[in-house]
Amino acid sequence: MTEVSISKFAETLNLSVEKLLAQLSASGIKGKKASDTISDEEKRTLLAYLKSLHGETADVEPKKVTLHRKQVKTLNLSSGSGKRTVNVEVRKKRTYVKRTAVEAKPEVAEVIPEPVNELAETPTAAVTPSPAKSKVEGVKVTETVAPASAPIETPSVASADASATQAVADDTASKANKKSKDKKAKTLESRLEDGPPKGKKTIKTKIVSDDARPAGGRRKMKKRHESRSSASPDNQHGFQRPAGPVVREVNIPETIQVAELADKMAVKAAEVIKFMMTMGTMVTINQVLDQETAAIVVEELGHKPVLLKENALEEEVLQQAYHGEYVHRAPVVTIMGHVDHGKTSLLDYIRKAKVAHGEAGGITQHIGAYHVETPNGDITFIDTPGHQAFTAMRARGAQATDIVIIVVAADDGVMPQTKEAIQHAKAAGVPMVVAMNKMDKEGANPDRLMQELAALDVVPESWGGDVQFVPVSAKQGTGIDDLLEAVLLSAEILELDAPVEGHAKGVVIESRLDKGRGPVATVLIQSGTLKKGDIALCGMEFGRVRALVNELGKQVDSAGPSIPVEILGLSGVPSAGDEMITVDNERKAREVALFRQGKYKEVKIARQQSAKLDNMFNKMAEGETKSVNIVLKADVQGSIEAIANALTDLSNDEVKVNVVSSGVGGITESDVNLAIASEALVFGFNVRADATAKRLIERESVGLYYYSIIYEVVDEVKRAIEGKLSAEEREEIIGIAEVRDVFKAPKIGMIAGCMVTEGIVERSQPIRVLRDNVVIYEGALESLRRFKDDVKEVRQGMECGIGVKDYNDVRVGDQIEVFKRYEVKRTLD
């Protein structure tokens, strides 16, 4: 507040200057004139003096605390007409005010009976209980009976504060009415016991302490808006109307209901339905919209759509970040080779020499992988008899192997399964180490073996290649340390590392159903640490890891990178090659597993369709597939070479034929696994599939075709490619007309009077307008007339009138060239 003069302050108070000066002098402020200013402190002094004249305290700004209490009581009343239940709600408000002269604790009690729950058919009534006694001495309790329709008033805090002092000052005057008020209270209690009279409606009663009333003893009726105006500004809400439109990011799944979409945009469903009607689509509130339509609705209504993938949860689980430190891990090695070339003996010797140090009776191998400790580092071996497990893991996208050891007998040389193992290793893109076994035998010829492998693009380092050749003897144990050293050298070049902390991630090597332990899966950990009690997700199965068993058959608490373990506790038996990952909670694992199970049938059907030869070439025509992979098996080597060369020659810029694998003999399960991994077709020339391969082909719906004539293979693939090649479009000029004159027709527009100099001018064919042998317009004919008749064509040497569609700048001397387009079928010749 700013300082003002005494004369202006007197005008504000509607007082004379003399009277104001007298009041200032009486309050102790002397020596003031009408022209002097009055300060805020002097105003407060004057206000305190004037209040003291009326018996009020001089404290201007009292500090107060208000306590509220609500209590609900239930009264059961009985009368001759039936039983009644009365709910009475008592609200108490107590205000504590800090004052200099007087300390008062006024209490305000308010009793509001609620509607009666009828237990009989008679009219009900609500009666207030006896008034409570005030805890403040000198404060009296009065009752007021109001009709049910009357509004219930609550005295404001300001009125209670203002009347607190007055109640104490009028204590003597209120004692005279004490007896009459007590009598009224007793009467009210008797009514409560006897029950209300019949025909009466609900009575709402308020009990208010006298300290909240004026000095005259009568309560003044205040309007509702007056009590609101006296309320504290803190009770006002803080909502502010937004200055601009609110743009929300709306997450849209693959499908969404109209009601759910409206709820995400915070608009009424009627707005969405109205907009869909403007788009020409009638929808209901429960109708399901696709993602594209919902995105259009969200954009048009001024929000930002966020498209969610159906497998968003699965991607979120699979893309878990690893923030820990990366450490060096042991390489994972798979040993492959032909039957009876000493692969099993080599594995047994490595296991006995490097694992069972001093163990009595040796070690029983419990799982298909084990750990080997060497002075230069550790190595993890995967025991895969043959390479079925290796190809099965590749078919499911799992790359668990870092290095492949090709075992070849030095006395036997390269055999069919040796070639197949090399093909698998090259397809996987992993480095190879060749172990020339059986070097202790007399017929061993390592030079011939190296020549045969060099013919298969496996060139030894001594010949300038990149493949290490190590001579070993699994029977005598010679060269084993050199072989392990070569593996570690290749691993050092690869710089293998993995994080130790964080979620565990691995691949299922093999799985089975144990009678006593339930589903058991052998898992190779690739990153992170798998602990007992973690929630594991393996393909379409999930569960809490109940136990971890290492390769020695002992239970462990955790397993790090490149460590193989058996896990127990899954909901089912996962497939070999499935990815294993740990998640935070079981709910996420269950949702992802159920989603994968639901999509399994759709994926299987899609794989069946993609394996069909016709569908594959249809996809090529659409630009989805640029190559055709073929697994070829025949009865003799000469047929394989002839068919492979013929199919490779069919490749062109649009379609590439790729022979993934070829070999002599029947179609085996390994061939089918390779076809699944490479999305290839299987061609059998004078050979058939065995029983195991047939079951796998039927289960996975792999394309299998039998032939007995070489030209049938080539001609069928050639016809399929030619039928799906895009046709070549060509143009041919069929006529030329020279413009001799130009005139304007009243309804048609500009007409060119022409002479056909070459060929035929046909009305239905496209045309070009040439000026000085330069094309200036390309379009179509609007009209072609000879004299006054419309004609379809005009031949050479005849005059005609030509109207060019959407072009009026034809001049004398221009040439109108008529041509036609046609398609020519392409061939591979």
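This is a predicted model: local features need pLDDT of at least 70, side-chain atom pairs count only at pLDDT 80 or more; totals for chains, interfaces and linings use all residues.

Analyst: Start with pLDDT, the predictor's confidence in each residue, from 0 to 100. Over residues 355–366 the pLDDT stays under 50, and the model has 16 contacts (heavy atoms within 4.5 Å) for them beyond four places in sequence.

User: What does the protein chain average in pLDDT?

Analyst: The mean is 75, and 72% of the residues score at least 70. Strand S37 (residues 766–771) has the highest confidence, at 93, and strand S7 (residues 141–146) the lowest, at a mean of 36. Strands (E, at least two residues) and helices (H or I, at least four) are DSSP runs, numbered from the N terminus.

User: New topic. What is the strand order in the open sheet of 6 strands?

Analyst: S15-S16-S14-S17-S18-S19, with mixed pairing; two strands pair if DSSP finds at least two bridges between them.

User: Why is one side of S15 and of S19 left without a neighbour?

Analyst: Strand S15 (369–374) and strand S19 (468–471) are at the edges with a single partner strand each, so one side of each has no neighbour in the sheet.

User: And S14 with S17, parallel or antiparallel?

Analyst: Parallel: 5 bridges join S14 (residues 332–337) to S17 (residues 403–409). Ile335 stands opposite Ile405 in S17.

Definitions and conventions. Residues are numbered from 1 along each chain as its sequence is written. Side-chain values use heavy atoms; hydrogens and water are left out.
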